[in-house]
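Subject: Structure handover

Hi,

Here is the structure you asked for. Please load it before reading on; my notes follow.

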Amino acid sequence: MARKHLLEGLMEWVTRDEWRDRFEVVLEYHVLPACDDTGLEPDEIVSILGEDKFIRTVWACAFEDMLTREFKDGSNIVDDYLKHQGSKEPASTRAYITALRNSVVSLYEVSDVVLDKSFRARDLVRGGEPILISERLATRFLKQWDRFAGRIIQVGGRTQISGAVLPYEHHSSEELIDGLRRLGKLTRKDKQALARSIGEEFDAAVIARLSETERLRATSPTFTSMWLVDAIDQAQRDLPELRNLDGDELLLCTVCYPLAKGTTEDEIRRVLNSCADLRSITATQWNWIGGKKRGRSSAARTRSSGPLTVETTLDDGALSLGHLELDGRTLVLSVNSQERSERGRALLSAVLGKRIGQPSIEATTVEQAIALDDADEPEELDLSDEEHRAIIHETMDRHYRETLDQPVPALGNKSPRAAVKTKSGRAKVVDWLKMMENRTAKAGESNPAMASYSFDWMWAELGVAELRR
């Protein structure tokens, strides 16, 4: 009930003449940095997010920030409200408002979620042991190892979170933590950005000398603005722009050559096996390789901006440019761009000459390939929930047991078993396990069988179970 009374009382108080203008300025601190980063106007941001989501997140964060602020004249909206209206409020509401008045926003990691009851939250900025939070609603959407920006408050004997909660992706949370740690070494540009985000009444140089808790209170808008930039990007993002390592736009090309009359399959194999740019896989398959070497992986990598880069490498790190297969009297070249299709045709023309005829070429965009997959979904097997879950878990067991001995990009291309042998490697393995567990937990809405998979055995087998907190 305290939250309901707060909305009915304090939110009306913030619209009074003496506080309305101040709140609008505070709201700008939370929104304008995102406008600078995205080139959008505030009303465009509201339109992209939707008014309801904007109010539940950005507006709510600015409102709670407003409750903690002391202005140049020493005034504070909570103090003013309690002075004039406090006697009309129940004790529970006064206690809740006072707790918010003294609260500070931070970044937290979630664990031990008990539906409709509680979860634990570890402060990723200030450290310390995870705190048990008594909460019902939040347990319905928070998953193991989720990260969020919010305020933890103590009301009587109950520890809870406030109403404004911002879910953070792992990479964004790491950028935020790094930025907060660098406050003590501010450049001129950093100071200017910080000044824009927190308002002119704060001195950035002074903030650099504050305690972590004081910095968190002073830089509260930064949590919102960073989240807001990601939320806008996600709302605007459709299928990401995909390119291969050469920078070519991704296009799935299949080039089919008929063998010329009189040419034997053995002759084609002999010529292809002698080509330095081709590497035999089987008697009828070859990899077309490039000279550039990379770490052993087959992955899609992305930066904070720009296209998603897709590359495939072989066991020794050689870059795979395409795939060749001799299918009876047809030689098939498969590549992932128009440019590689042209290069591959030039290569085959040079080495095979008149042994092959004119090719037929098919090109499929990524969007078309996805649509084709969606239209050709296999029929579901008539399995019980238990049988379906057992199959999924067995598949995941096999996959992750193999993964423990395979190079992982997030671990510096070391296998998990090798990475845990050093202190820094163990920390990376813990983060890697948490990310996998978190992503699997989030699959619950579309795949409950996957979401119920337990990673306990991996923590134990890698010897890091004591760090699972």
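For residue classes, Ala, Val, Leu, Ile, Met, Phe, Trp, Tyr, Cys and Pro count as nonpolar, Asp, Glu, Lys and Arg as charged, and the others, Gly among them, as polar. This is a predicted model: local features need pLDDT of at least 70, side-chain atom pairs count only at pLDDT 80 or more, and totals for chains, interfaces and linings use all residues. Numbering runs from 1 along each chain as its sequence is written, and side-chain values use heavy atoms, without hydrogens or water.

The cavity

A cavity is a set of points on a 1 Å grid over the protein atoms alone where a 1.4 Å probe fits but cannot get out; lining residues have an atom within 4 Å of a point. One cavity of 30 Å³ or more turns up. The largest cavity holds about 60 Å³, the space filled by probe spheres set on the points, which are joined across faces, edges and corners. Its lining is H30, C61, E64, V105, A149, G150, R151, A164, S220 and T224. Four of these residues are nonpolar, four polar and two charged. β4 gives the largest share of the lining, three residues.

Helix α2

Helices (H or I, at least four residues) and strands (E, at least two) are DSSP runs, numbered from the N terminus. H30 of the lining also marks a kink of about 35 degrees in α2, shortly before P33. That bend is the angle between axes fitted to the seven residues ending there and the seven starting there. After α2 comes G39, with a positive phi near 75 degrees.

Best wishes

How values were computed:
On a 1 Å grid over the protein atoms alone, a cavity is a set of points where a 1.4 Å probe fits but cannot get out, and a pocket is an open set with protein on both sides within 12 Å along at least five of seven lines; lining residues have an atom within 4 Å of a point.
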